[in-house]
Every structure is written in C-alpha cells, then in structure tokens.
Amino acid sequence: MRRALVAGNWKMNGSSESIRTLLSGLVSGCQATVAEVLVCPPSVYLAQVTQTLQESPIAVGAQNVSEHSAGAYTGEVAPGMLIDLGCQYVILGHSERRALYGETDQQVAAKFSAALEAGLKPILCVGETLEQREQGVTLQVIGTQLQAVIDHCGIAAFADAVIAYEPVWAIGTGKTATAEQAQEVHLAIRQQLSQADKSIAEGCRILYGGSVNAANAAELFAKPDVDGGLVGGASLKADEFITICQVAGEEKTV
Ligand code: PEP
C-alpha cells in the first residue's frame, strides 16, 4: 500500500509573520494524520520552516533547485544547500517554471538527477495545457515529459521520487479535473513506469494537483492511482489544508 502524500506548494506567498501563524495551525492539526504531509515554502523561508517543524512529522521541501552543485550561478540554490537546511523533497518541472522560466524537459531531468544525488526526493510535475487536452494529445504530452526523465536518470531513480499530474488548465483556476480524468492519466503514468519496472511503478506515488480543495479531495483521492495531492491555493489556509490531509489518509487506508 502506498502511503498517501499531501504536499502544499506555497508558491511565492507569505511573510515570516504569516508563515508563523500558518505553521502553528498546521502543527496542531497534522499530529494525527495518516497521510504524509509536506510543505514547500519560498526558499528564503525554508530555514524558518525547517526549524519550526523540527519536532513535527510535517516534512519540508523546496519549489525548485539548480541542476548544478556549486559555482557561478547567481541567484540559484544548490541541492546540497536544501539538504543542509533540512529539506527532504523538491518540486521539479512545475508548469509555472516550464512556462514562465523556460524550463525544458532536459533541464528538468538534469535537476531531477542532481536532486537525487544530493539525497532529495524529487516531485516531478507533468501536465497538459487546455489546448493540448482539446487536441486529444494529453497522454502523449505527459508521456514525453515523463520519458525525458526516465531516459536521463533511469527507472531506478523513481524508487525515491514522486510524480504529480497537474493539468495546466486546472492550476489556480478553480477548475478541477474530474476524478475520472485524473485516474485515466495516473493509470497511464503508472503503466509507462511499469513498462520499465513493475515494482517501481507499484510503489511510486502519483499525486493530483490542480485546484484541489476540501470539497473535491475525497472524490479525487478515492481513485486507485491517485495517491494524494499537490495543493497550491488551499495549502495557504491551515484548516482547509488539514482537512485535505485527513481526507487523503482516510481514502487510502480503507
Ligand atoms: C500548484 O501550484 O501546484 C497547484 C496545484 O495550485 P492550485 O492548487 O492553486 O491549483
């Protein structure tokens, strides 16, 4: 049985004050969740968050990392630095990074490899645009994004990784994929992994992301290949995020 994971992507939101308030709500509310809970704050607040969560079961991740380990890369953060701060995970290839910062499949694959080498667990984001869905090429687009990482890093790399299916048209829009649409893509992802290694495919957690909230989480997480969620907007509200985490635990333990 794969343990459910709910990851909060705070994006570029928050201040040290608002994060203090959010974390105090999460720490008391997430004590008893069956699902693994992860928060991914902006990099400048990682130290504050890892220190605050030291005694808590809530894990901490970054939203991006450099593919390089050190050197003349102004403004970048190396994988080893994230480990140094106490991070366990890193989100890679989020559609905002692909669309706004031009990250290619090859760069995402290089980051994935560098993250693993440093001891971080990558969360690889894949997803189609609305135009691609309407053209009927969703599975090809996602297959290509995933295959770039399999080819570069090898299938064994997915033993310590998570995949997040995030339809671009559902991120921050309030439009959620139906549970059936999510399951179709999650199954295709698992089958693609399975062609390379069946047991890695069975163990790999595949999260759904795109306007997940307390009201739609149960239906999405009830699907057999949906192992939790990558949550943006709703992860900034402690009560709603805690409810989503509780729902994930309940759906995956029955
Ligand atoms: C995200 O940023 O990964 C995301 C899924 O955002 P939202 O939940 O706000 O759609």
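The barrel here is closed and has eight strands, in the order β1-β2-β3-β4-β5-β6-β7-β8, with parallel pairing, where two strands are said to pair if DSSP finds at least two bridges between them. Neighbouring strands of this sheet are turned by 25° against each other on average, direction ignored. Before I go on, this is a predicted model, in which local features need pLDDT of at least 70 and side-chain atom pairs count only at pLDDT 80 or more, while totals for chains, interfaces and linings use all residues. Residues are numbered from 1 along each chain as its sequence is written, and side-chain values use heavy atoms, with hydrogens and water left out. Helices (H or I, at least four residues) and strands (E, at least two) are DSSP runs, numbered from the N terminus.

Let me take some of the pairings in turn. Strand β3, residues 59–62, pairs in the parallel sense with strand β4, residues 89–92, over two bridges, and the bridge partner of Ala62 in β4 is Val90. Further along, four bridges join strand β6, residues 162–165, to β7 in a parallel arrangement, with Val162 having Arg205 of β7 as its bridge partner. On to β8, residues 228–231, which pairs with β7 in the parallel sense over two bridges; there, Tyr208 stands opposite Gly229.

How covered is strand β7? Five of the five residues in β7, which spans 205–209, are buried, meaning under 20% relative accessible area, as against over 50% for exposed and partly exposed in between, with a 1.4 Å probe and protein chains only. Both faces are covered, with Arg205, Leu207 and Gly209 on one side and Ile206 and Tyr208 on the other.

Now to the helices. Helix α7 lies across β5, residues 121–126, and β6, and runs at about 155° to β5; axes are lines fitted to C-alpha atoms, for helices over the stretch in contact, and angles run from 0 to 180 degrees between N-to-C directions. The axes of α5, residues 105–118, and α7, residues 138–153, come within 9 Å and cross at roughly 45°. That makes α5 oblique to α7, since angles under 35 degrees count as roughly parallel, over 145 as roughly antiparallel, 65 to 115 as roughly perpendicular and the rest as oblique.

As for the contact itself (heavy atoms within 4.5 Å), Asp105, Ala109, Ala110, Phe112 and Ser113 in α5 meet Thr144, Gln145, Ala148, Val149, His152 and Cys153 in α7. By class, the contact of α5 with α7 has six nonpolar, four polar and one charged residues, where Ala, Val, Leu, Ile, Met, Phe, Trp, Tyr, Cys and Pro count as nonpolar, Asp, Glu, Lys and Arg as charged, and the others, Gly among them, as polar.
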